[in-house]
Amino acid sequence: MAKIGVAGKGGTGKTTLAALTVVALLRNNLGPVLAIDADPNSNLAETLGVSAPKSLVEIVDEVSKSIDRLPAGIDKTQYLEYRVREAITEDKGFDLLVMGKTEGPGCYCYCNHLLREHMEKLQDSYRFVVMDNEAGLEHLSRRTTRQLDILFITALADRNSLLSVQRIYEMTKKLDLDIGQVKLVINEHSVLPKSLQMSTPLPVFFTLPFDQEIWQKSCAGKGLLDLPEDSPSYQVVQKTLKLVLGI
Ligand SMILES: Nc1ncnc2c1ncn2[C@@H]1O[C@H](COP(=O)(O)OP(=O)(O)OP(=O)(O)O)[C@@H](O)[C@H]1O
Ligand SMILES: [Mg+2]
């Protein structure tokens, strides 16, 4: 199993890049793919164009409330596993796990316990895991897993965005996460000038061009699964993944 994560300041194209990555993996027959939406303001489902499943936090909450009424012969852990697998199954060639919003530290603790125990096992049944993160990365150490093969950090070509890249990059080291490669992706979707006027904390790995089709689909509330093959952003992601993954 290889795990690809996306992080970056708000609105820099994290979810778009995560969705394009899922699409590219599926079109290259690199499934099964597990897409994880780890952003509490989740919209990976919408960006992919599927309905959002019940979140992990909701499932954990329901299971913890029904512990006394579990089907005979099934323990809490098995039941949770069953409920999670039931919720994440999509019919479009990938599964989608939405982490959801936690209600407080108590829930985090309970989620932590169950997640640490089962997330690794769950992820192991996929060839690729693609994780759309919230801007900060603290949750990686708190919740699911500390390991990523590649972390793409998305940014626009502005100073604040690049300062965020620096912070996220430093955080990957401070939290002692096990990340194979950290790569900077500049997204040109804003009206900002195309060429970078500043030095970047990391070399620019690739640039996501402005993509009319993505923008139109987003405005129309449509997903990216049927994005045309010649979409400029899709082309860049597809070529980059081929390069990075050696496929
Ligand atoms: N290369 C692109 N071309 C056209 N539109 C884009 C491109 N990248 C992103 N967008 C659009 O910009 C908006 C923000 O992108 P996206 O939701 O992927 O950012 P995000 O970093 O996930 O945001 P958030 O921090 O809110 O989760 C979306 O409407 C998306 O469709
Ligand atoms: Mg997002």
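Predicted model: local features only at pLDDT ≥ 70, side-chain atom pairs only at ≥ 80, totals over all residues.
Helices (H or I, at least four residues) and strands (E, at least two) are taken here as DSSP runs, numbered from the N terminus. Residues are numbered from 1 along each chain as its sequence is written, chains are lettered from A and ligands numbered from 1 in the order in which they are written, and side-chain values use heavy atoms, with hydrogens and water left out.

Asn29 is not a glycine, yet its phi is positive, at about 55°. The loop between α1 and β2 also holds Pro32, and the peptide bond leading from Gly31 to Pro32 is cis, with omega near 0°.

Next comes the largest pocket, with about 510 Å³ of space. A pocket is an open set of points on a 1 Å grid over the protein atoms alone, where a 1.4 Å probe fits, with protein on both sides within 12 Å along at least five of seven lines; lining residues have an atom within 4 Å of a point. Its volume is the space filled by probe spheres set on the points, which are joined across faces, edges and corners. The lining comprises 24 residues, with Gly13, Thr16, Thr47, Ile214 and Ser218 nearest the centre. Helix α8 gives the largest share, four residues, while α1, α2 (44-48) and α8 each supply at least two.

Ligand 1 sits in this pocket, meaning that more than half of its atoms lie within 2 Å of the grid points. Around ligand 1 there are 18 residues (a heavy atom within 4 Å), and Lys14, Thr15, Thr16, Asp211 and Ser218 come nearest. Elements giving two or more residues to this shell are α1 (14-27) and α8 (212-219).

As for polar contacts (pairs of N or O atoms within 3.5 Å), an oxygen atom of ligand 1 is 2.5 Å from an N or O atom in the Thr16 side chain. A nitrogen atom of ligand 1 lies 3.0 Å from an N or O atom in the side chain of Asn187.

Methods: Polar contact = N/O pair within 3.5 Å; in protein donor to acceptor, adjacent residues only side chain to side chain.
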